[in-house]
Amino acid sequence: MNRERLAGIRSRLPGGRAAAALTFDDGPDPRFTPAVLDVLADHGVVATFFLVGRRAERHPGLVSRILRDGHAIGSHSWSHPDPSGQSFPRLLREYRRGRRAVEAAAGAPVRLFRPPMGDVALPSTAAAALSGVRPWLWTRDPRDWLPGRTTADILGAVPALEAGDVVLLHDGIELPVSDEALDRSATVAAVPALVRRAEAAGLALVTLPSGRAPRS
Ligand SMILES: [Zn+2]
């Protein structure tokens, strides 16, 4: 059994259902999260948003709207440090504070979690476990976080979706390689085609299940 299984980290939806999931990290972002929400509403589909705690604290109205529109939310640390450069105590504070900030903005418990940069090294997985969260990675990364990435690039990287797929997208960007990556327009524009591809494959777009946290 690998470390991800041991730590209760999921990347694929449970089997037995013709479903896939769109996930949006690093928000909420006042410039682009509303646009993502509009597109999802236009298509009548739901997604999961992994929110940076300090951003959720700054934009509680966006958090409310995400929930009101029927989406799921998870935490994505307090300030999105690169976990590989952090001590275990710092990561534990980051993950706990991030979860608390998202819960405060949501007014409800939040179990879903995605480690910054998908880090699954031991300090990160241990800090997540002690934070009582359910970590999720992804099966498909169209690398929409790369500066200069176009909608065509994003769609070209996900030509088809399969049952169980979890797609990593970004409605905000932390730690941008350049300011160019802060513009999320290409991702917003890719969402309708991704929805159509899921529908063409007979897949329902669903929120990630939070289940029971591995430990709390
Ligand atoms: Zn992130």
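The structure is a predicted model, in which local features need pLDDT of at least 70, side-chain atom pairs count only at pLDDT 80 or more, and totals for chains, interfaces and linings use all residues. Residues are numbered from 1 along each chain as its sequence is written.

**Strand 1 and its partners**

Helices (H or I, at least four residues) and strands (E, at least two) are DSSP runs, numbered from the N terminus. Strand 1 covers residues 19-27, and 8 of its 9 residues are buried, so that the strand is mostly covered. Here, a residue is buried if 20 or more other C-beta atoms lie within 10 Å of its own, exposed if 12 or fewer, and partly exposed in between, with C-beta atoms placed from the backbone. Two strands pair if DSSP finds at least two bridges between them, and the table lists the partners of strand 1.

**Helix 2**

Which residues of helix 2 are buried? In this helix, which spans residues 33-43, they are Thr33, Val36, Leu37 and Leu40. These residues lie on the same side of helix 2, because they cover an arc of only 100° around the axis, where the arc is that of the directions from the helix axis to the C-beta atoms. The buried residues of helix 2 pack against strand 1, helix 4 (60-68) and helix 8 (185-200), with two residues counted as in contact if their C-beta atoms, placed from the backbone, lie within 7 Å. After helix 2 comes Gly44, which has a positive phi, near 65°.

**Strand 2 and the β-α-β unit**

Strand 1, helix 2 and strand 2 together make a right-handed β-α-β unit; a crossover is right-handed if, with the strands pointing away from the viewer, the path from the first strand over the helix to the second runs clockwise. Strand 2 is covered on both faces, with Thr48 and Phe50 buried on one side and Phe49 and Leu51 buried on the other. Strand 2 also pairs with strand 3 (residues 72-75) in the parallel sense, over 4 bridges, and Gly74 in strand 3 is the bridge partner of Phe50.
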